[in-house]
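Thanks, everyone. Please bring the structure up on your screens, and I'll walk you through it.

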Amino acid sequence: MNTFRGKTLSWQVTDGAIELVLDSAPCNEIGAATLSELEQFVSALSAMQSEAHALIISSARTEGFCAGADLRELYRRLQDMRTVERLGGLHDFLERIHRVMNTIDAAPLTTIAAVNGLAFGGGFELALTCDLIIADKMARFCFPELRLGLIPGFGGIPRLKRDVGNAVVRDLLLTGRSINAVKAQSVGLVSQVVSEGDALRIARATASQLKKFDRATAVAAKRFIKPIPHDELRREIEIFCDLFTRPAVEAGLRKFVESTDALPYLP
């Protein structure tokens, strides 16, 4: 399936590049509906990648790339289930999202995240699966999960550790502060910073440039320089599920859900 338009995202193959576009109000939160369509995408990816050399992930929302997990849905899960049921469902959800993220991470294509605005929590984790992050100057990156009594659960910690130094990892995880695109480039997270609204155009230009290179060589290089930390990813799921049962999580999620702020996910 080379073209798809769903409720939360769409994709198509254009000039040898697969373009996956997130488009779900208010800011592409990842819940059950988005996960289901991401699973459809990775199922179709094996067929599409035979005629493509690059994958670009972008957002159609002016608010940003992705604000992360759907916390309202997560809070409903916490309220509606007993502990055993809750953890079983949560563990299954995390296993599914990890399969999606790992498939994108390991795809035999050069993958590019074109980031505008917010890339928080799960959105940041999605960007980290990509080989290159091209960010417009208004982009911001953040792991705010500590405010909810949690750690990132979509694979963010192992991938962040793979890509940058320990000081950056600790600062982002333990303070919950956001960093802008220029700072993200200076610490090695972002490969290019471009003008506001220009990330997708530059990502497309980069993908076009990649057509000049031998595909098999690019795939071999990617496998060599970008190993997937499977053991740490599995451990992350276990820690997240253990933390999820604690009172601090319910309190943090309730505060978020009851917030009257226009953008309650901002630090």
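Take the contacts between residues at least 6 apart in sequence: 76% of them join residues at least 24 apart. Keep in mind that this is a predicted model.

Now the overall shape. The chain has 267 residues, and for that length a compact globule would have a radius of gyration near 18 Å. The protein has 18 Å, so the two agree. Along the principal axes, the C-alpha trace spans about 55 × 35 × 35 Å. Secondary structure: eleven helices and eleven strands. Buried residues account for 52% of the 267. The accessible surface is about 12,200 Å², and carbon and sulfur atoms hold 53% of that.

Next, the inside. How many residues does the largest nonpolar core have? It has 69. Val115, Phe141 and Leu189 have the most contacts within that core. Look at Leu189.

On to the aromatics. Searching the whole structure gives six aromatic pairs. Start with Phe124 and Phe141. Their ring centres sit 5.4 Å apart and their planes meet at 55°. Why is the pair called tilted? Stacked needs planes under 30 degrees apart and edge-to-face needs over 60, so an angle between those limits counts as tilted. At 55°, this pair is therefore tilted.

A second pair: Phe240 and Phe244. This one is stacked, with 6.3 Å from centre to centre and 15° between the planes. Both residues belong to helix α10, residues 230-244. They are four residues apart, so about one helical turn separates them. Phe240 has 7% relative accessibility, which counts as buried. Phe244 is buried as well, with 1%.

There is also an aromatic cluster, made up of Phe4, Trp11 and Phe41.

Last topic: the backbone. Please find Ala25 and Pro26. A cis peptide bond joins them, with omega about 0°. Pro26 is in the loop between β3 (17-22) and α1 (32-48).

That loop between β3 and α1 also holds Asn28. Asn28 is not a glycine, yet its phi is positive, about 60°. Is Asn28 buried or exposed? The relative accessible area of Asn28 is 3%, so Asn28 is buried.

Compare Asp15. Its phi is near 50°, again positive in a residue other than glycine. Asp15 sits in the loop between β2 (9-14) and β3. Here the relative accessible area is 54%, and the cut-off for exposed is over 50%. So Asp15 is exposed, whereas Asn28 is buried.

That's the tour. Questions, please.

Notes. Residues numbered from 1 in each chain as written. Predicted model: local features only at pLDDT ≥ 70, side-chain atom pairs only at ≥ 80, totals over all residues. Heavy atoms only, no water. Core = buried A, V, L, I, M, F, W, Y, C linked by side-chain atoms within 4.5 Å. Buried < 20%, exposed > 50% of the residue type's maximum accessible area, 1.4 Å probe, protein only. Phe/Tyr/Trp six-rings, centres within 6.5 Å; stacked < 30°, edge-to-face > 60°. Helix = DSSP H or I, 4+ residues; strand = E, 2+ residues; numbered from the N terminus. Rg over C-alpha atoms; globule rule 2.2 N^0.38 Å. Contact = heavy atoms within 4.5 Å. Areas by Shrake-Rupley, 256 points an atom, 1.4 Å probe, with all protein chains shown as cover.
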